[in-house]
Amino acid sequence: MSTPRSVVLERLAYTLAAPVLAVAPNVYPDSPVNQVVQLAGAAGVGGWFLAAKSEETGAGRKILRWTPLVLAAAVDVAAKHTPGWGPWWLDGLLAAGWAAAGSVVLPFSRHARRHHRPALATPAPQLQPAEVPEPSPALPDDGADLLTREARMLWENAGMPARTHIVNATRHPGMRHDLTILLRASETGRPITGLSEAAVAAPFGVAASDVKLADVAIQPGRQGGPGWMEAHITPDANQRRRTKPTDQERWTDRVAGPKGGAPGSVLVHRTRDNERGVTFYRAKMADSTETPRIDLAKICRGLSLPEDDSCVFVLIDGNEFLISAFDEPPLSAIFPATRELLTPDAKGMYVCGFTITGQPVKNMVFQHDKNAAAHGLILGVSRSGKTQFFAINMAAESLAGAVVWLSTVRKDEKTTTLGQYIDRQGSNALWMARQLRAAKALCEIRAEMPWPHDGKPHDYKPGDSRCPYRLLSVYADEFMTAAQDALFGEDIQTNGDDLTVTGLKYGIGFKPAGQSPFAHNGFSTEMKDNLRQNSRPVVFNMGSPGATRKAAEGTMENAYDVPTIPARYSRQEGSAIERAMKGEADPENGVSTGGVAVIVLDNGRAVLMRSLYADFDTDLSGLFPDEVNRLTDYEISELEKRGLWGNWNREPDPGEFWPEPDEDDDEDDGRSRRRGGGKGGGKQGTKSSTRPAEPQVTSPRQALEAIKSLNNA
């Protein structure tokens, strides 16, 4: 048995200090040794006080720890105050007793550490049974493969996130780090809650964006539901997806997202037509009940397509849509008009143009399904292609045997050329007013014309060879301007309204044209509704994309998405920012959009097309029939009886548009005051024939005449 070294050293210290405590006070009473011993004793007393006052356990052990110092100070004080060495060598006996007590009874080292035990009291080490590890909440050893075991180890080291464990792990084919783990709640019957992509990514050392959580469907032999979950960990696939994405991945990441150009959509397929130079992206909504919300500019940026060169178009059909990206602007091509394209079929349909995808667009000469003629509405600013469209429409109608009349407000080269191939053509507001009066009177004439097979009058039936009269198509170019004419505007607008209502059943179609479809410009609501329901409105460039869309929406039953017609088609070359920094001019390589129009089909859908081109610099006789179609002799004679035939450019006949002035009106100088009514059209009735309309005042003399008429002077 051996004694600890600390105890041996402490006993040696007590043995050496004992003589000092006995000799120093007697031989050297003023020595600093006495002061040091006494200060140590005072510190021991302070230690006693603090140990006794403390509420912590171990106060007795602390008091014993300070006792040797206090006793040493007591021995020193006693030796200093006893005479000599004291009776019976008391000083030496006290010092020897202190050393014996310190060495045998109170070794200081035994109380220096809380759990110290003497080395001699330590029992001999004995073999103990190994600790049994606590059972893991993970699955017991089920013969899983190495990948699953490694995944489980990482999962357990992470603390079993969301109280789940890994059932199995499957590596993705051809991938080094991609895998799918199947998770199940640790407690049977508990749903998995609180599991996030970050919690799955942390144990495997990947980014949270590389983790996708998915529900587990119930399969034969395996449960599913909220207590199960799959986690797809795909760092390799995502790296490839960021650098070389497939078409579907690019669409999903850049187009179909909540902030993409077509949120909630799915790419069906991407196809390329090298012959036509176009790439098609066909897509649909993931939810078949939703309607596509298309932002074409965002789609172009997502697919890295140029967005401002008129080469990308969208076509919406229900919950599906088609993005067409052309190499060159498709509507900059020219489609020459031919007699073959313009010849109507049995249902009165003919090709009037082609869409961006090369599909033919058809317009109608008559409404076969309604047994009626067809109206028309043609809108567009100057040089937008209206007169070109007149030419192909008139050619198709003439090929169908129709009689065509054309009136304009001002004379121009193209309308004069068209006048060579149609029945009648004129170029002023008076001519248009007489044209509409004659067409309105033809409704009454045809209503009484007997048919040869039974001698009774009937409504017009397209394609019926027994019909005694021909289809009549009445064109009124710049109708809005004519409707605001000071002399004949009211008559033109009134007869135009009547013709749109009554003309269809008598084979008369009215086709106004102009630069605005709104009521304050000559189009009444009644006229616009009849034109919209009985025609395919055609809207050319109205001056701005907003005005074009507004005009097209005004001709549609519902406000569908309307294609945009820019002022010019131009390809984007280089960077606009770089040109601005270098001070270079933008390239001027635009192509005119004349002839490009929005046509509203029967279902209210607006389609962008380029109309067929009729070259006025060449002979147009190849488009028109050899003979011009005319009215029947009976119709002409009836119009002559009513004074509505002949030269429509002649000066107004007395009482034709307003009543003749009274004979006693002096100083009139042949100037007739404009009044409503008159024969052959306009407002009629007792009121209009006896009471003059309010004159339009444009000069002081007319103002004086107006005052006289009000006072009946």
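Predicted model: local features only at pLDDT ≥ 70, side-chain atom pairs only at ≥ 80, totals over all residues.
Q: Why is C352 called buried?
A: The term buried requires a relative accessible area under 20%, and C352 has a relative accessibility of 0%, so C352 counts as buried.

Q: What makes C467 count as buried?
A: C467 has a relative accessibility of 14%, which is under 20%, and C467 is therefore classed as buried.

Q: Why is T417 called buried, and where is its place in the chain?
A: T417 belongs to helix α12, which covers residues 413-418. Its relative accessibility is 16%, and because the cut-off for buried is under 20%, T417 falls in that class.

Q: What is T417 in contact with, leaving aside its neighbours within four places in sequence?
A: With those neighbours set aside, T417 is in contact with F616 and L620, where contact requires heavy atoms within 4.5 Å. T417 and L620 stand 203 residues apart in sequence, while their C-alpha atoms are 8.8 Å apart in space.

Q: Why is S304 called exposed?
A: The class exposed begins over 50%, and S304 has a relative accessible area of 59%, so S304 is exposed. S304 is found in the loop between α9 (296-302) and β7 (312-317).

Q: What is the phi of S304, and what is the phi of N371?
A: Phi is near 60° in S304, a positive value in a residue other than glycine, and phi is near 50° in N371, again a positive value in a residue other than glycine. Most residues other than glycine have a negative phi.

Q: How do you know that α13 and α15 meet, and which hand has their crossing?
A: Residues of helix α13 (429-447), including M432, L436 and C443, meet residues of helix α15 (489-502), among them I492, L499 and T502. The two axes come within 9 Å and cross at roughly 30°, and the crossing of α13 and α15 is left-handed. The residues of this contact divide into eight nonpolar, three polar and four charged.

Q: What describes the crossing of α13 and α19?
A: The axes of α13 and helix α19 (residues 633-641) come within 10 Å and cross at roughly 115°, and this crossing is right-handed. On the α13 side the contact holds A438, A441, L442, I445 and R446, which meet Y634, E635, E638 and L639 of α19. By class, there are six nonpolar, no polar and three charged residues in the contact of α13 with α19.

Q: How many helices and strands are in the chain, and what share of its residues count as buried?
A: The chain has 21 helices and 22 strands, and 42% of its 713 residues count as buried. Among the contacts with a separation of 6 or more, 63% come from residues 24 or more positions apart. The chain exposes about 38,600 Å², of which carbon and sulfur atoms supply 53%.

Terms used
Residues numbered from 1 in each chain as written. Heavy atoms only, no water. Buried < 20%, exposed > 50% of the residue type's maximum accessible area, 1.4 Å probe, protein only. Axes fitted to C-alpha atoms, helices over the stretch in contact; angles between N-to-C directions. Helix = DSSP H or I, 4+ residues; strand = E, 2+ residues; numbered from the N terminus. Left-handed = near helix turned anticlockwise from the far one by under 90°. Nonpolar A, V, L, I, M, F, W, Y, C, P; charged D, E, K, R; others polar. Areas by Shrake-Rupley, 256 points an atom, 1.4 Å probe, with all protein chains shown as cover.
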